[in-house]
Structure formats: C-alpha cells, structure tokens
Amino acid sequence: MNRYQFVIRSGLILYWIILFTATHIPLKKGTIPQGTDVPLHFMAYAGLAFLLRWWLSLKWDRLTLRRLILILVGVSLFGALDELLQGIPVLQREPSVKDWIADTTGALLGMILFLIVSKPLHRISNYFQQKPDPRD
C-alpha cells in the first residue's frame with residue numbers, strides 16, 4: 001500500500017468512527033435544530049459512500065456494476081444497523097425510517113459524486129504514485 005492509499009484508507013476509517021460515534025451520543029432535546037436531522041444523515045452518508053468508493057477504486061482493478069451495488073447495499077445496511085442501535089434506551093435516541101432513507105439516498109449521491117470527480121482524483125493518485133526522477 002502506498003502513501004496515497006494509506007491516507008485515503010485512514011480518512012475513511014476516521015470518518016466512519018466519527019460518524020458512528022456522532023450518531024450514538026445521547027442528545028438532549030433541542031441540541032440539533034429541528035428539521036436538520038434528515039439532511040445531516042443525507043450528507044454524512046454521502047461522505048461515507050464517497051470515501052468508501054474512493055478507497056475501493058484504489059483496491060480493485062475495476063468497479064463493476066455488481067461491486068457498486070454491493071457498496072450501496074453495504075452502506076445502506078450500515079445505516080439500518082445504525083438506526084436500530086439508536087433504539088437502545090440508554091442512548092436516548094430515536095431510530096427513524098426517514099433517517100435510514102436519507103442514509104441510503106445520501107450514499108447513492110456520494111457514489112454519483114465520485115463518478116463525477118474520479119478522473120481528477122485519478123490524476124492526483126498518479127501524481128503521488130510517481131517515483132521521483134533521480135536526475136532532479
């Protein structure tokens with residue numbers, strides 16, 4: 001694994017840990033402004049799917065339709081598990097189907113956004129993977 005892959009993987013792991021932690025911290029009423037929970041889920045899972053798709057694009061030679069569907073299903077299942085765990089009484093959180101739908105649609109958006117920016121990211125990856133010219 002080169003330095004570029006290490007940075008992307010580390011960012012993904014850190015993002016996933018922060019996301020999981022943030023969605024399981026007990027909240028008092030009014031901590032999050034009313035009406036912002038669903039958009040926050042949407043954006044958070046878009047970021048997760050984007051980073052996961054980016055990292056896997058470096059690991060796999062090709063991202064086939066089957067693999068893309070597996071990524072989407074995997075992130076969606078993580079969202080469902082996340083919502084189910086929020087039902088644990090001690091967490092003082094409420095699971096929501098709306099949040100899970102936002103998680104899944106956000107994941108789809110994150111994957112689409114990656115498709116849009118994948119060529120520039122590939123150029124950046126190639127730049128970091130180049131060996132320095134010994135003549136310089």
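Which residues have the most contacts inside the largest nonpolar core?

1. The model is predicted, so to speak of local features a pLDDT of at least 70 is needed, side-chain atom pairs count only at pLDDT 80 or more, and totals for chains, interfaces and linings use all residues. Residues are numbered from 1 along each chain as its sequence is written, and side-chain values use heavy atoms, with hydrogens and water left out.

2. Tyr45, Leu48, Leu52, Trp54, Ile71 and Val75 have the most contacts inside the largest nonpolar core, which has 23 residues; such a core is a set of buried Ala, Val, Leu, Ile, Met, Phe, Trp, Tyr and Cys residues joined through side-chain atoms within 4.5 Å, where buried is under 20% relative accessible area (1.4 Å probe, protein chains only). At least two residues of this core come from each of H1, H2, helix H3 (65-85) and H4, and H2 gives the largest share, 10 residues. Helices here are DSSP runs (H or I, at least four residues) numbered from the N terminus.

3. Beyond its neighbours within four places in sequence, valine 75 is in contact (heavy atoms within 4.5 Å) with Tyr45, Leu48, Ala49, Leu52 and Ala107.

4. Histidine 24 belongs to the loop between helix H1 (3-22) and helix H2 (37-59), and with a relative accessible area of 11% this residue is buried.

5. Isoleucine 116 is in helix H4 (residues 97-129) and, at 60% relative accessibility, counts as exposed, the cut-off for exposed being over 50%.
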